[in-house]
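Please keep the viewer open while you read.

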Amino acid sequence: MSEANDRAVETVDEDPHEGGFRAHAAITTDRGGPRYGEFSEQVRLLMDNARYACPDDELVDELIESLKALNDRLADSRIDEWHSPAGTRIDLPSRGNITLPPYVVTEVNDNGVVAELTFRDFHLGGNNAAHGGHVAVAFDDVGGFASAVAIQHVSRTAYLTVQYRSITPLNTPLRIHAWADRIEGRKVFIKGTLYDGDRLCAEMDALFIKLNPGQA
Ligand SMILES: CCCCCCCC(=O)SCCNC(=O)CCNC(=O)[C@H](O)C(C)(C)COP(=O)(O)OP(=O)(O)OC[C@H]1O[C@@H](n2cnc3c(N)ncnc32)[C@H](O)[C@@H]1OP(=O)(O)O
């Protein structure tokens with residue numbers, strides 16, 4: 001995983017472009033400390049449990065107080081997006097971004113980006129299947145990664161369509177693949193697939209636009 005991510009890091013380091021998703025901040029895996037991954041996992045677990053919990057009144061009272069205290073402590077440590085570990089910890093699943101379905105990159109090469117991705121309980125759409133919006137989120141992020149690898153530059157999603165071919169299960173390691181189908185000037189046409197074993201769950205067809213210098 002680290003080798004695959006290293007290539008993405010090179011992409012980030014090479015270009016001083018200030019817009020898009022990058023800033024003049026050195027990439028480090030130190031922020032948040034060695035246990036930040038465990039912290040992220042606990043946050044995900046909290047969301048998993050909250051999604052399925054049916055607490056009684058007493059427990060709700062207790063949880064509100066505990067969460068308030070926790071949120072106060074967390075709020076004290078807030079910093080800007082460029083330096084927060086969530087989204088920049090490239091040593092962790094989904095770069096430590098707890099808002100994304102956790103995925104671990106397994107391949108980055110001329111054929112695009114491949115990752116093992118797992119939708120959690122909190123990604124529930126219905127009947128133990130992933131919410132379609134979360135499937136699109138996964139495609140957007142891995143698709144953006146594939147675009148960055150293809151053009152060695154930052155891009156933004158202009159459109160993204162998903163064909164939902166079969167049910168996407170929760171808590172199951174899935175294979176997500178995104179690759180540049182073709183590049184025309186600033187336009188990067190990205191395709192993607194999401195598989196549960198041999199079964200195709202969803203496909204992506206997207207356009208990413210290479211950002212101009214300074215473009216937000
Ligand atoms: C590793 C980290 C990965 C993270 C990935 C996450 C990616 C994201 O989620 S990004 C967030 C979602 N996307 C956005 O918010 C983007 C909002 N939109 C915008 O900012 C702009 O519309 C943007 C940047 C897409 C394009 O604007 P701009 O740079 O002015 O390009 P513009 O000159 O209009 O168009 C360039 C070309 O693309 C085409 N194009 C632009 N938008 C579209 C579209 N929606 N459909 C089809 N073609 C389009 C234009 O027709 C033009 O084509 P041509 O060169 O052939 O004439």
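Where is Thr88 found? Thr88 is in the loop between α3 and β1, where helices (H or I, at least four residues) and strands (E, at least two) are DSSP runs, numbered from the N terminus.

A word on the model before going further. This is a predicted model, in which local features need pLDDT of at least 70 and side-chain atom pairs count only at pLDDT 80 or more, while totals for chains, interfaces and linings use all residues. Residues are numbered from 1 along each chain as its sequence is written, and side-chain values use heavy atoms, with hydrogens and water left out.

The chain has four helices and eight strands. Read from the N terminus, their order is α-α-α-β-β-β-β-α-β-β-β-β. Of its 216 residues, 38% count as buried; buried means under 20% relative accessible area, exposed over 50%, and partly exposed in between (1.4 Å probe, protein chains only).

Let us return to the loop between α3 (57–75) and β1 (103–109), which also holds Ser94. Thr88 counts as buried because its relative accessibility is 12%. A polar atom of the Thr88 side chain lies 2.7 Å from the backbone oxygen of Ser84. Such a polar contact is a pair of N or O atoms within 3.5 Å; within protein, one must be able to donate a hydrogen and the other to accept it, and residues adjacent in sequence count only if both atoms are side-chain atoms. Ser94 is buried too, since its relative accessible area is 2%. The Ser94 side chain reaches the backbone nitrogen of Tyr103 at 2.9 Å.

Arg95 is found in the loop between α3 and β1 as well. With 24% relative accessibility, Arg95 counts as partly exposed. Its backbone deserves a look: Arg95 is not a glycine, yet it has a positive phi of about 55°. Most residues other than glycine have a negative phi. Asn171, also a residue other than glycine, has a positive phi near 50°. Asn171 lies in the loop between β5 and β6 (174–184), and is partly exposed at a relative accessible area of 44%.

**Rings and charges**

How many aromatic pairs does the structure hold? There is one aromatic pair. Tyr36 and Phe39 form it, in a tilted arrangement with 5.3 Å centre to centre and 45° between the planes. For this term, rings of Phe, Tyr and Trp (its six-membered ring) pair if their centres lie within 6.5 Å; planes under 30 degrees apart count as stacked, over 60 as edge-to-face and the rest as tilted. Tyr36 and Phe39 are three residues apart in helix α2 (residues 36–52), so about one helical turn separates them. Tyr36 counts as buried, at 11% relative accessibility, whereas Phe39 is partly exposed, with a relative accessible area of 34%.

Two arginines sit over rings. Arg51 lies over the face of Tyr52, 5.9 Å from the ring centre. The charged end of Arg182 is over the ring of Phe189, at 3.8 Å from its centre. The criterion is that NZ of Lys or CZ of Arg is within 6 Å of the ring centre and within 35 degrees of the ring normal.

**The ligand and its shell**

Which residues come nearest to the ligand? Of the 16 residues around the ligand, these are Asp140, Thr157, Arg186, Lys187 and Gln215; a residue is near a molecule if one of its heavy atoms lies within 4 Å of it.

| Residue | Protein atom | Ligand atom | Distance |
|---|---|---|---|
| Asp140 | polar side-chain atom | oxygen | 2.5 Å |
| Thr157 | polar backbone atom | nitrogen | 3.0 Å |
| Lys187 | side-chain N or O atom | oxygen | 2.8 Å |

On its own the ligand has 1100 Å² of accessible area, and the protein covers 50% of that; the areas come from the Shrake-Rupley method with a 1.4 Å probe.

α4 (132–151), β5 (155–164) and β8 (199–210) each supply at least two residues of the shell around the ligand. By type, the shell residues divide into seven nonpolar, three polar and six charged. Here Ala, Val, Leu, Ile, Met, Phe, Trp, Tyr, Cys and Pro count as nonpolar, Asp, Glu, Lys and Arg as charged, and the others, Gly among them, as polar.
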